[in-house]
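Subject: A structure for you to explore

Hello! Here is the structure I promised to pass on to you. Please open it first, and then read my notes below with the model in view.

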Amino acid sequence: MCEAVMCDFARRFAALTTREGRPAFSPFPWQERLHARLAAGEIPTTVDLPTGLGKTSVIACWLLAHASHPTFLNPALPRRLVYVVDRRAVVDQASEEVARFTGTWKAAAGPAAPDITIATLRGQHIDSGEWARHPAKLSVIVGTVDMIGSRLLFSGYGVSPRMRPVHAGLLGLDTLLVLDEAHLAPVFADVVRTVAADPGLRGELAPPVAPFRMMALSATQRPHDAATAPFRLDEADHAHPVIAQRLAAEKTLERREGASPEDLGAAAEDLVSLGHRIVIFVDSRQTAEKVARLLAKRHGDDAVLLFTGARRGWERTRAEQQLREAGFLADSEPPAAPRFLVATAAGEVGVDLDADHAVMDLVSWERMVQRLGRVNRRGNGKARVIVCDAGQEEIRGASLSDCRALLDRLGDAGPAALAALAAEEPDLAERASSGRPLRPALVRAELDAWSLTGLREHPGRAPVAPFLRGWVEDEVQLRLVWRHHLPVRADNSQSLSECTAFFETAPVHLSEVLEAEIGQVSDWLKKRIRMRHDALEQDPPATAVGLVLDQDSQVVRVVTLPELRTILNGPKLQFDRFLGSLVGGTLVLDARFGGLSPWGLLDAGEDVPAVTADGGNAPTDWAAVIGFSVDRETDPAETEHGSRRPERMRFPLGAEEDNAPALVVRGPAREADETRADARSRGRPVLLHNHLEHVRTEVAALSQALGLPERAGAILDHAARLHDVGKAALLWQQAMHAPAGGPWAKTRSGDGRALAGYRHEFGSLLAAEEDPELAPLAAEDRDLVLHLIATHHGWARPFIPAHGGDRGPPSLNETVAHAAALRFARLQRRWGPWGLAWWEAVFRAADWAASVREEEDRADG
């Protein structure tokens, strides 16, 4: 890189990454080299860097590689970067860093640079969906293995089936997936490599955008994980004073016998005189709690932080502030008195911890490396590390005797020494590392089955979890949520469809979710059922205490406390089956059920009602994050009865709905409401002709922004011209209460039940089949136009209802519906699962953009 280019990158890098009130960051030599490679379109498949050297700056290097191009979009690079962290991360440093880029991007790239889209699919963050609505924009998306992996494989957790093709199509193309600490998610890493490299998963053709790429980041890459030579530090890096200091950070290692809570606590006491920040890593949550209690008895509750993963997302985010105040985050102010951080695997990854000294029990080699990287991270002092050895021979497939042999060869445990030892003894390091879980092979048949998102059930559709985590017997997770307001009546007269409609408007947010292993939930639930049943005898015995949601957020069961007690007192198999029914779904509990500690951890002895996002005791910032509010309405006259607008819903709490109090949900339109909201206008109605022209305008703009060839733009334009003509049907106009002077595309009210199963997309398909302008098109282009019309609300994957509206019942139109399913199969072979979904995502984005513009124009008018 020439000197002028290096200086320009250094200036932009400092502007993009420097925090307010902090000295400007100068890039390391490896960051300059990586930026140069990315700017040239060369994407390393593996980046092997020691911990503590800022691997998350890969995102900044990618952004600046785009910013260095005259158009601010480097055609040699994907326009989306997805940064994936393992789900065990409690505090996600990448999310915080990326969030700052929204404020520093213009300063780094220049005032003429287009806006970037930032999204985080985890924790307290709400996915605004901007990245999916604007496929031509530069986007940075941060998420977990589960949230990103499920979306990539057409099975997005928390995503409605109609939206799953959009997420999969945009993640599977024009995307660089960066997997942080790849060695901690070996199954997902293998699957992503397969997605990036296996042509058998793709189609005969590829859409005219950048292909899917993958970059694995790790401080402990295994030899067979790298298909090509990893990107590593070079001589210039080792000569850099800051890097040299961090690589040579002193960490004296001592191994002791015994790893009981008392042994770990005593070892921590031995370090108090040497420094104020002491971290204690333990493998077991129960052991962590015992160690924390022992230290709190001696030093007080304020001196001890407990850091585990099985807590709600909201409390996980609060942990960051606690860590900062206690001085355990890198660059935070050191404490004036001793502080102890007791952490499980949750503290090993995804958080920039920095302690003066450490105590840890013996675990597999790759986890020991992660832990050691959280001590004396900046190399500013001399750390002491005590490893308490319980004497076991194996843990999660790792040979601990080999791990001991590696540790015993370390006089010092700094990053340079760890890297040198792993290079000298690769076989020993491999045996000392956790075994790779077995996983099913990702083949085209599996992918095709997942992509049939229109089918609620499919006998050939495998669960997606083993493809993300492998077949791991002891890691089945259950999802729990507490709510102050539940859509249930005192007499349990509510229907499951009513409950589902409630959760469509007030959906479960990630920040509300607590994930815990099924065994832990089982023990906790048994104790809580007994305790609450005794305490709530004065309540109506049939009052519902919880609802079970399936993986598609459909309410499938309402359970009462007596029912739970009956299940518990019955045969053990009965209770096990109940727990099994929760796998993949969510149990939403009444806040009064309790059992949640102030830090968001399961605590069977906690009788205080849980703090919830929708309750009066919710922190203000949490209530704002979830994107909706629920109030108990006492004056029904204040609310439009029966409203089902996306931004408002009323759930009557009594049998006499017109006079009963109700729960009123207020929130923004959401993915699950898309097809219902398509016909609704909050202002003046929109003429069908005008809407079609608006979508054509948006299609043209999006085609230009994506740089699509003329043929591709013509396909999208034909789809835009015809996609909503089915709304011209008299049945549709009457059901939507359309005024005179139409036909109309959007009205101010309507009754979907009056459509009797008619889908306007199918009506549009019937009209398009006869459109003379499509006749001259090549057969494959005409196929794609018709498919985009049929799928612009997520149907026709592969089936669409054959009701023809004014053109007759299903019996007269089954041939067209059958042809739509066969067309899907042809196009799936031609473009591949992700390619076809990408076409759908682009077209739907144009349709959404037109609707948003219409709303804005009416607001201005």
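**Strand β11 and its neighbours**

Strand β8 (residues 277–281) runs parallel to β11, and 4 bridges join the two. (Strands pair if DSSP finds at least two bridges between them; helices are DSSP runs of H or I with at least four residues, strands are runs of E with at least two, and both are numbered from the N terminus.) Before we go on: this is a predicted model, where local features need pLDDT of at least 70, side-chain atom pairs count only at pLDDT 80 or more, and totals for chains, interfaces and linings use all residues. Residues are numbered from 1 along each chain as its sequence is written, and side-chain values use heavy atoms, with hydrogens and water left out.

Between β11 and β12 the chain passes through helix α14 (residues 365–372), making a right-handed β-α-β crossover. Right-handed means that, with the strands pointing away from the viewer, the path from the first strand over the helix to the second runs clockwise.

Is β11 buried or exposed? In β11 (residues 357–361), 5 of the 5 residues are buried, so the strand is largely enclosed by the rest of the structure. Buried means under 20% relative accessible area, exposed over 50%, and partly exposed in between (1.4 Å probe, protein chains only). In a regular strand the side chains alternate between the two faces of the sheet. Here H357, V359 and D361 point one way, while A358 and M360 point the other way.

**Some backbone details**

Two peptide bonds to look up are cis: G742 to P743, with omega near 10°, and R797 to P798, with omega near 5°. P743 lies in the loop between α28 (730–735) and β24 (744–746), and P798 in the loop between α30 (779–791) and α31 (810–860).

R396 sits in the loop between β13 (394–395) and β14 (398–399), and counts as partly exposed because its relative accessibility is 45%. N492, also not a glycine, has a positive phi near 55°. Its loop runs between β15 (477–483) and α20 (496–505), and N492 counts as partly exposed because its relative accessibility is 25%.

Enjoy exploring!
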